[in-house]
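Please look at the chain below and follow it slowly, moving from one part to the next as the paragraphs direct you.

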Amino acid sequence: MTELAELESQLVGAVEAAHDEATLDTVRVSALGKKGAISERMKTLGAMSPDERKQAGQALNALKDKVAAAIASRSASLKEAGLEARLATEFVDVTLPVRPEMQGSVHPVSQVWEEITQIFGDMGFSVAEGPHIETDWYNFGALNIPDDHPARQEHDTFYFNPKEDGSRMVLRTHTSPVQIRTMQESETPIRIIAPGRTYRCDSDQTHTPMFHQVEGLVLDDKTHLGHLKWCLEEFCKAFFEVDAVKMRFRASHFPFTEPSMEVDINCSWEKGQVKVGVGDSWLEILGSGMVHPNVIRAGGLDPEKVQGFAFGMGIDRLAMLKYGIPDLRAFFEADLRWLRHYGFRSLNVPTLAGGLS
Ligand code: PHE
């Protein structure tokens, strides 16, 4: 056997014997690496006569190709064997019943969030997002709430420590800053909802420091108050799953809308349980209005050409109303008994076609 034939059988043997990728790679380096057996022999070609070099060069190249091919094929079969082994050990029998001790459930806030998204999605709204940590400008200034405006106090804002330039970031007190971000990022017509977390320094039976809101924004060249009323009525009927709702639109004031309205929904209280659509009580569920020209301008659009409405409602509040949950603080206590009682089955995803709740 020539020396090269011997080397070949030795290297190919090592390749075949490699039972994992790491060993195979060591063999590859020992043969084809910079200081590998074949590479070292290549270096001796320079000192040979042209004839010798031609012969030896061809033989070495042929050896190199053979070894490389053996490595590639070994690597492929190792990969395949690895996959087979994983498929065999990671086998999941999806027909097995759900384990009875697994009692995870969907939180009512997640459920209602999804329900709201479904309803507005059906009306052609898409979902927008914004950061929870906002600049003062996005949370207040751009929304027509100047420095000395009393609304700033009403918002019970969580402020961060001031930066070197004196400016302070805030935990957003409402989802309205997403209005500005959406206007800056998109062209009209705009039709978005922005569900998300919001923060105010406040805590009692109906307030928690972190709560959820959903913002709505519609902007084009002709949307008016009538559209706002229709949209909110359709939403309430779909959300509370009733054929008719009585709603009361009360004149109100928000710096970022003009005119502004707060919306109450007709309901009854019986034995501490609230029922929507009947009775003669009223419950406030949202704030709304026509977007103020200053807000449109802050969003980089022209209030002479663009108009529309915005609204903001509390998701937690809607969940309490729809599912008769009396205390808001319990939402965030992660009490398993509460979650088992008020939670939803994880596979019951709300859809308009299949039913919301
Ligand atoms: N941002 C207001 C709040 O948090 C709600 C609102 C949104 C009112 C949009 C009008 C228009 O109370």
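The largest pocket has a lining of 38 residues, and those that lie nearest its centre are Arg 200, Phe 211, Gln 213, Glu 284 and Gly 312. The space in this largest pocket comes to about 920 Å³. Several elements each give two or more residues to its lining, namely helix H7 (151-154), strand E5 (210-220), E6, E7, strand E9 (281-291), strand E10 (307-314) and helix H11 (315-323). Please keep in mind while reading that this is a predicted model, and that the values quoted here are computed from it.

Strand E6 (residues 247-254) and strand E7 (residues 257-270) run antiparallel and are joined by seven bridges, and the hairpin that joins E6 to E7 passes through two residues. To find one place where the two strands face each other, look for Met 247, which stands opposite Ile 265 in E7. E7 is also joined to E9 by nine bridges, and these two strands run antiparallel; here Met 261 stands opposite Ser 288 in E9. E9 in turn pairs with E10 in the antiparallel sense over five bridges, and Met 290 has Phe 309 as its bridge partner in E10.

How many of the eleven residues of E9 are buried? The count is eight, and E9 is therefore largely enclosed by the rest of the structure. Helix H11 is likewise mostly covered, since seven of its nine residues are buried. Just after H11 comes Gly 324, which takes a positive phi of about 60°.

A pair of aromatic rings is described by the distance of the centres and the angle of the planes. A search of the whole structure finds twelve aromatic pairs. One of them is made by Phe 235 and Phe 239, whose ring centres are 5.5 Å apart and whose planes meet at 15°, and because planes under 30 degrees apart count as stacked, this pair is stacked. Both residues lie in helix H9 (residues 225-240), four residues apart, which is about one turn of the helix. An α-helix has 3.6 residues a turn, so residues three or four places apart point the same way. Phe 235 counts as buried at 0% relative accessibility, and Phe 239 is buried too, with a relative accessible area of 0%.

Trp 338 and Tyr 342 form a tilted aromatic pair, with 5.1 Å from centre to centre and 50° between the planes. These two residues are four residues apart in helix H12 (residues 336-342), and they are thus separated by about one helical turn. Trp 338 is buried, and Tyr 342 is buried as well.

The charged end of Arg 168 sits over the ring of Tyr 159, at 3.8 Å from its centre, and the charged end of Arg 181 sits over the ring of Tyr 138, at 3.8 Å from its centre.

What, finally, can be said of the cysteines? A disulfide is a covalent bond between the sulfur atoms of two cysteines. The structure holds zero disulfides. Cys 231 is in no disulfide, and the nearest cysteine sulfur, that of Cys 236, is 9.8 Å away; Cys 231 is buried, with a relative accessible area of 3%. Cys 267 is in no disulfide either, its nearest cysteine sulfur being that of Cys 236, which is 12 Å away, and Cys 267 counts as buried at 0% relative accessibility.

Notes: Residues are numbered from 1 along each chain as its sequence is written. This is a predicted model: local features need pLDDT of at least 70, side-chain atom pairs count only at pLDDT 80 or more; totals for chains, interfaces and linings use all residues. Side-chain values use heavy atoms; hydrogens and water are left out. Rings of Phe, Tyr and Trp (its six-membered ring) pair if their centres lie within 6.5 Å; planes under 30 degrees apart count as stacked, over 60 as edge-to-face and the rest as tilted. Buried means under 20% relative accessible area, exposed over 50%, partly exposed in between (1.4 Å probe, protein chains only). A charge sits over a ring if NZ of Lys or CZ of Arg is within 6 Å of the ring centre and within 35 degrees of the ring normal. Two strands pair if DSSP finds at least two bridges between them. A disulfide is a pair of cysteine sulfur atoms within 2.5 Å. On a 1 Å grid over the protein atoms alone, a cavity is a set of points where a 1.4 Å probe fits but cannot get out, and a pocket is an open set with protein on both sides within 12 Å along at least five of seven lines; lining residues have an atom within 4 Å of a point. Grid points are joined across faces, edges and corners, and a volume is the space filled by probe spheres set on the points.
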